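Take a look at the two chains below. We'll walk through a few spots together, one at a time.

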Amino acid sequence: MSDDDLKSRPPSPTRRKFLLTSGSSAAASLVAAYVPAFTKSAAGESDSPSTSAGPNIEGAVPITLRINGKDHKLQIDPRTTLLDCIRETVALTGTKKGCDHGQCGACTVHVNGRRVLSCLNLALMHDGEEITTVEGLGTPEAMHPMQASFLAWDAYQCGYCTSGQIMSAVALLKEPCGPDDAAVKELMSGNICRCGAYANIVDAIQQVRKRA
Amino acid sequence: MHIFEFIRPKDSAAAIAAAAQSKTAQQGADVRFMGGGTTLIDLMKLNVETPDRVLDINRLPLDKIEATPDGGLKIGATVRNSDLANHPKVQRDYLVLSQAILNGASAQIRNMATVGGNLLQRTRCMYFRDTAMPCNKREPGSGCPAITGSNRTLAILGASEHCIATNPSDMCVAMAVLEATIHIQGSKGSRAIPISDFHLLPGSTPNRETVLEPGDLITHVTLPRPIAGSKQVYLKLRDRASYEFALVSAAVVLTIASGNITRARIALGGVGTKPWRSPEAEAALTSKVANDATFRQGAEAALRGAKPQSENGFKIELAKRCLAYALHTAAVS
């Protein structure tokens with residue numbers, strides 16, 4: 001796929017945006033208890049911290065999560081995993097829930113620049129830390145080189161594991177990793193792809209490493 | 001998940017005081033320290049762990065790796081597995097530890113998991129993890145369905161009629177051959193426990209896995225000065241090439257002079273109810289000629305006490321070959 005092809009693609013993920021915004025009005029009354037920051041962080045484009053006084057969640061505690069450079073002041077149940085907080089409370093749905101038990105890697109995000117599994121972290125553990133999700137890597141107009149490489153190498157099929165794969169791959173660029181494919185495979189083994197796009201995933205990562 | 005109170009203690013003393021109120025530091029603890037969360041949060045989601053209070057110790061100053069005055073290494077309890085494995089001094093002097101850690105879990109989990117947490121890693125026995133099933137480790141007296149059930153991955157060394165669960169840690173197997181010391185601060189002061197005495201055999205109380213008492217906080221681990229000229233290998237055999245627990249693993253620290261083994265430290269993983277140091281293998285190897293026949297004799301000695309279950313008899317021969325090949329690899333390295 002050439003760069004021209006990439007540029008000719010639709011400029012924004014319209015399906016996702018449609019689901020988020022239509023969901024926020026249609027289902028607001030149903031989901032309000034679980035997504036207190038829904039409207040502001042999903043639809044609002046303000047740079048000011050999104051704030052939620054929080055609905056009546058029993059035992060909810062205040063937390064400030066810094067996600068993709070933006071502070072989110074939230075009220076959350078202490079049991080909330082970082083994954084559920086990112087997806088359900090802050091409504092950044094690029095991070096995926098696969099197994100929810102640390103066995104698949106779909107939920108991989110960066111905390112202070114290092115890749116971790118957001119399903120095996122409590123959101124409360126990361127008060128004040130720098131969290132990056134796939135939405136923070138790039139935009140459809142200005143993709144991170146790893147995102148562009150995954151597109152160019154067709155490094156996915158259904159796409160469900162892809163954001164986790166990309167978050168892992170971006171972190172790998174700064175980790176001790178040998179030059180060969182085997183080293184990449186070993187360091188990517190925590191990201192399972194049920195479609196079996198592994199060969200192209202390795203190619204996409206190696207392409208970015210060669211250019212670096 | 002059981003509801004809990006999340007607390008971030010301001011210092012170790014506050015953490016210890018809060019944890020000392022728990023009924024037990026073993027299975028069923030109502031207060032838990034939270035490190036990386038990779039075991040604990042998983043088990044809390046399964047309702048295997050149901051603490052009322054979770055103490056986040058990640059911001060206590062326990063995250064340093066430092067040289068000790070006697071030439072060894074001091075490793076803080078919240079040092080991440082990846083930082084330990086990739087530390088230059090560990091890669092140079094304690095290679096078996098670096099190899100063991102890098103053979104475990106995934107890059108993400110190694111970025112999260114702490115040294116203290118890895119010492120307390122819980123078994124992967126499916127009956128332990130499933131609250132619909134009996135399990136003597138989870139609910140003392142309820143029985144062990146693994147003994148007549150699915151036990152292919154379970155222990156052949158150190159098991160009892162009450163529990164055959166395998167200790168899953170790779171790091172602990174390497175620390176066993178490196179003769180690490182676990183440093184604990186508790187409400188009654190501090191103490192140091194050799195790693196060989198830290199984990200308990202299941203016996204009739206498989207719910208008790210370590211010597212820890214309520215309030216005990218692992219603060220750091222020390223490694224003695226490295227053995228000059230030693231050859232170190234960690235070999236792990238598993239059902240897939242990466243991101244899988246060991247069926248069998250072997251940690252080897254070998255010193256060879258003029259073709260003879262002058263010192264051997266051996267431990268096995270994936271086969272024992274605790275990280276399995278083998279003094280029998282060490283005795284069988286010491287002062288012998290370093291060749292494959294000797295290595296096989298050492299492996300035979302290590303597995304002499306092995307007792308297979310219905311599905312895991314293959315582990316005995318696999319463990320022998322694993323250890324013999326690890327010794328061979330070390331000798332020619």
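## Before we start

This is a predicted model, where local features need pLDDT of at least 70, side-chain atom pairs count only at pLDDT 80 or more, and totals for chains, interfaces and linings use all residues. Residues are numbered from 1 along each chain as its sequence is written, while chains are lettered from A and ligands numbered from 1 in the order in which they are written.

## Where the chains meet

Chain A puts 25 residues into the contact and chain B puts in 21 residues. (Being in contact means that two C-beta atoms, placed from the backbone, lie within 7 Å.) On the chain A side, β5 (114-117) and α8 (181-187) each supply at least two residues. The largest share, four residues, comes from β5(A). Those labels come from DSSP runs, numbered from the N terminus: helices are H or I with at least four residues, and strands are E with at least two.

Sorted by class, the chain A side has ten nonpolar, nine polar and six charged residues. Here Ala, Val, Leu, Ile, Met, Phe, Trp, Tyr, Cys and Pro count as nonpolar, Asp, Glu, Lys and Arg as charged, and the others, Gly among them, as polar.

## Two crossing helices in chain A

Now find α6 (residues 145-152) and α9 (residues 198-211) of chain A: their axes come within 8 Å and cross at roughly 135°. Axes are lines fitted to C-alpha atoms, for helices over the stretch in contact, and angles run from 0 to 180 degrees between N-to-C directions. So α6(A) and α9(A) are oblique to each other, a word for whatever is left once under 35 degrees is called roughly parallel, over 145 roughly antiparallel and 65 to 115 roughly perpendicular.

From α6(A), the contact uses Pro145(A), Met146(A), Ser149(A) and Phe150(A), and α9(A) brings Ala204(A), Gln207(A) and Val208(A). That makes five nonpolar, two polar and no charged residues.

## A sheet in chain B

Over in chain B, five strands form an open, antiparallel sheet in the order β4-β5-β8-β6-β7. Strands pair if DSSP finds at least two bridges between them. β4 (65-67) and β7 (189-194) of chain B are the edge strands, pairing on one side only. Five bridges join β6 (residues 181-186) to β8 (residues 217-223) of chain B, and His183(B) has His220(B) as its bridge partner.

## One residue up close

Is Thr153(B) buried or exposed? Thr153(B) is buried, because 23 other C-beta atoms lie within 10 Å (20 or more count as buried, 12 or fewer as exposed, and in between as partly exposed, with C-beta atoms placed from the backbone). Thr153(B) sits in the loop between α8 (126-129) and α9 (171-177) of chain B.
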